[in-house]
Amino acid sequence: MPLMLQDPPLIRRALIAGALLVLGILLVVPLAAVFTEALRLGLGTALTALTEPDALHAILLTVLMAAICVPLNLVFGLAASWAVAKHDFWGKSLLVTLIDLPFSVSPVIAGLMLVMVFGLHSFLGGLLEGWGLQVIFALPGMVLATLFITFPFVARELIPAMQATGREEEQAAYLLGANGWQILWRVTLPNVRWALLYGVLLCNARAMGEFGAVSVVSGHIRGETNTIPLQVEILYNEYNFVAAFALAAVLTLLALLTLSAKSVIEWQVRRQRAHPEAERLTNRVPLHQLPR
Amino acid sequence: MSISARHISKSFGSVQALQDVSLEVPAGRLIALVGPSGSGKTTLLRILAGLERPDAGSGPLFFHGQEVSGLSARDRRVGMVFQHYALFRHQTVAENIAFGLAVRRRKQRPPRAKIRETVAELLHLVQLDGLAGRLPGELSGGQRQRVALARALAIEPRILLLDEPFGALDAKVRKDLRKWLRAFHERIQLTTVFVTHDQEEALELADEVVVMNQARVEQVGSPQDVFDYPASPFVIEFLGNVNRVAAGISGAALQEHDRLYVRPHDIQIQPQDVGGSGLKARILHIFSAGSVAQVTLQRLEGGEILEAEVARAELETRQLHEGQLVTLFFRHIRVFSTSGEQRWIHNALAPAGTK
C-alpha cells in the first residue's frame, strides 16, 4: 500500500487547474499576444519592419552588448566564485554580498549611479571627455550598465556548484603536482561545466533584455544607442505596433531559445547523474516500489 | 624515507588542534595515528602533506633528513589518499592515475607511451586490470580506494599518507582491504602514515601506533606495547574495552587516588564463595552470541557495574546464570597513580591458595 500522502482527487484537480490558469494568464497569453500582434499584418510586413536600418542596428547592438558583457562576466564570475568556493580569506562574506548587490539595486538606480560617476558634469566624466572618450549616452556606458546588472548570474550559479564538489579534488591535484591553472582547467571547471553554461545562458538572456539601467545611460539615440528593448519602447510609443511587436518577438524568440538550451542542459545533468552509484544516492525509486 | 616532525603546534582560531607534537617514523614503516575525532590526527597528517601550515614557533619537518617545512604541498612529493578518495569524477580511472605525470612540466613529463605503461603497471599492482576506462562513479568503494592509491603512487612519492583509509567502506570490505593493504605495504616498503579512529584497525595493521588525544600524543609504541603497557588512563580506555574499578581492593599496596583498570577478559568468575580475596557480585545479564560471552556484573559493595568476558565453554562448565551471586578474581590490574606512575598488579585478587 502506498503511503496516504495524497489529497482527494477533486482537490488535486482543482489545484492543478488553478495553477494552469494563473500560468496561462501570466505567461502563455502575453507570449501569444506578442507573436499575434507582430504577425497581424502578415509575415512580410513584420520582416520589413525588422529590416529597417534602425531595427537592424538595434539587433546588432544588442548582440554586440551580449558579446562584450557575457565573456567579461564569465571571467569575473569564474574568478569570484573560485575565490569564494575554494578559498578562505578575510572579507569573504563582504565579497559575497557585493556579488549580490546588482540583484538588490533597482536597475534604474544603477543607471543613475553611472550617470553620476561618468556624466559630463562629473569629474571622471569630464576627464574622460577631455581624452575624447564619451561614456554616458554612448556604448561604453551601456556596456558598464549591462556588466553591472548581469554580474551576479555566472557567480551565483557557480558558487553553489563549486561548493558542492568540495575542495578535496583540488587538494589532491595540488599534491600530485598540478599548478593553479592546471587545477582550474583539469579539475574545477570540468566538474562545474553545466552550471557554468547555465550561468552564461542566464547572463546572456539578461544582457540582451536589460532595459532599465541601459535606458538611463543610453540617451535613446535611434540607430546609435538603441538596443532591442529600447527600440521596442520607442516604436510602441509611436503607435508603430507591428514594428514594436516584431522586434519584441525577436527578443522573445531569443529568450525561448535560451530556455530550451537550459532544458537540454538540465536533461544532460540528470542523465549524467544516472550513474549506478548516483542512482542509489538520489533514491529515484518511488517509495511504494521498494521491496519490503 | 624517514619522517621527522618536531614540536608541531597548530591552532584554528581558538581551537588548539595540535600542541607540541613530535613524530619520528623510520623509513619503510607503516604507522597509525589513532585517536578519537578531534584529537588532531588528521591535522597532523595534513601538515605532513603540506596542506596545512603549522603555527609559528613549530619545529622543522624532515623527510629523510632533508628539511621540507618550506616546501609547498606540490613540491613535497607526498602521495595522499583522502578519506573519500577525491578521485576526479569526470576523468576515467586511467586519466586519474596518469594525472600526476600528465601535469608535469614538458621537460620532466614522460612520453605518452611511457605514461600509459606506468598506468597499466599501477592498475595491475592494485589489481584493477581492465577497469582503465571506467569513471569513478562506476566503481565500488573498495575499487575507488585502490584507484586513489594507484594515483598517489604514480608520482613515486617519498611518503604515503592515508586519511581514514577504511572509513567509507562497509565492514566486510574493510576487513579484506585491511589484510590487502598490509600485504601491499610489505611489497612496496614505502614509509606510510595512516589515520584511523578505529583502535582495532590500528593495532592490527601498523608497525607502530601513535595514540593521540586532545591535540597531544599520549603514547607511541608497537601495537603490543601500547596494548600491554598503556601509558595513561586514556590509552587503556581507548584501546579495547576496560573496566574502571573503584578502589577498595585489599591485598594490594594502593594509594587513595590511584585509578585501577581491569580488562574484561582478566575477570575470572567463580560461581560460589571459594575463599580468597575475591569480590562479591551478582550476574545481571549474560549476552552469549559469539564465541565469547559478555557478562554484566554488579558488585554487592558499592553497586559498581563491571563487564567480563568468559569463554562459552567456561560459561557452561561453571553453570553461570543471570541473578546468580558470584565471586570475582582479577588476573591483572593496571594502576595509574596521581604521581604519573603506572604498573601492573598481577593476581592481586586471586582464589585462596593460588597467591
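Predicted model: local features only at pLDDT ≥ 70, side-chain atom pairs only at ≥ 80, totals over all residues.
**Chain A against chain B**

The contact between the two chains involves 20 residues of chain A and 27 residues of chain B. Together the chains bury about 2,200 Å², and carbon and sulfur atoms account for 60% of that area. On the side of chain A, the residues that lose the most area to chain B are A:Leu175, A:Leu176 and A:Arg186, which together make up 33% of what that side buries.

The rule finds one salt bridge across this interface of chain A and chain B. In a salt bridge, the side chain of B:Arg89 meets that of A:Glu169, with 2.6 Å from N to O. Nine residue pairs are in polar contact across the interface of chain A and chain B, both residues being at pLDDT 80 or more.

Which elements of chain A give two or more residues to the side that touches chain B? They are α8 (168-175) and α9 (180-191) of chain A. Of the elements, α8(A) gives the most to that side, with seven residues. Sorted by class, the side of chain A that touches chain B holds eight nonpolar, seven polar and five charged residues.

**The two domains of chain B**

Chain B is itself divided by the domain assignment into domain 1 (3-238) and domain 2 (243-349). The C-alpha centres of these two domains of chain B lie 40 Å apart. Nine residues of domain 1 are in contact with seven residues of domain 2.

Between domain 1 and domain 2 of chain B, the buried area is about 830 Å², with 59% given by carbon and sulfur atoms. Three residues, B:Phe227, B:Pro233 and B:Ile236, supply 56% of the area that domain 1 buries against domain 2, more than any other three residues.

The count of salt bridges between domain 1 and domain 2 of chain B is one. B:Arg259 and B:Glu237 meet through their side chains in a salt bridge, at 3.6 Å from N to O. Polar contact between the two domains of chain B is found for five residue pairs, both residues at pLDDT 80 or more.

On the side of domain 1 that touches domain 2, α7 (223-228) and α8 (233-238) of chain B each supply at least two residues. Here α8(B) gives the most, with three residues. The residues of this side of domain 1 divide into six nonpolar, one polar and two charged.

The table sets out values for the two interfaces.

| Interface | Buried area | Share from carbon and sulfur atoms |
|---|---|---|
| Chain A and chain B | about 2,200 Å² | 60% |
| Domain 1 and domain 2 of chain B | about 830 Å² | 59% |

Strand β1 (residues 3-12) of chain B pairs with strand β4 (residues 61-63) of chain B in the antiparallel sense, over three bridges. B:Ser4 has B:Phe62 in β4(B) as its bridge partner.

How many bridges join β1(B) to strand β2 (residues 15-25) of chain B? There are seven, and β1(B) and β2(B) run antiparallel. In this pairing B:Ser11 stands opposite B:Gln16 of β2(B). The two strands β1(B) and β2(B) form a hairpin with two residues between them. In the turn, B:Gly13 has a positive phi of about 60 degrees. In a regular strand, side chains alternate between the two faces of the sheet.

Technical notes
Residues numbered from 1 in each chain as written. Chains lettered and ligands numbered in written order. Heavy atoms only, no water. Contact = heavy atoms within 4.5 Å. Buried area = accessible area lost by both parts, 1.4 Å probe. Salt bridge = Lys/Arg side-chain N within 4 Å of Asp/Glu carboxyl O. Polar contact = N/O pair within 3.5 Å; in protein donor to acceptor, adjacent residues only side chain to side chain. Helix = DSSP H or I, 4+ residues; strand = E, 2+ residues; numbered from the N terminus. Nonpolar A, V, L, I, M, F, W, Y, C, P; charged D, E, K, R; others polar. Domains from an automatic or database assignment. Pairing = 2+ DSSP bridges.
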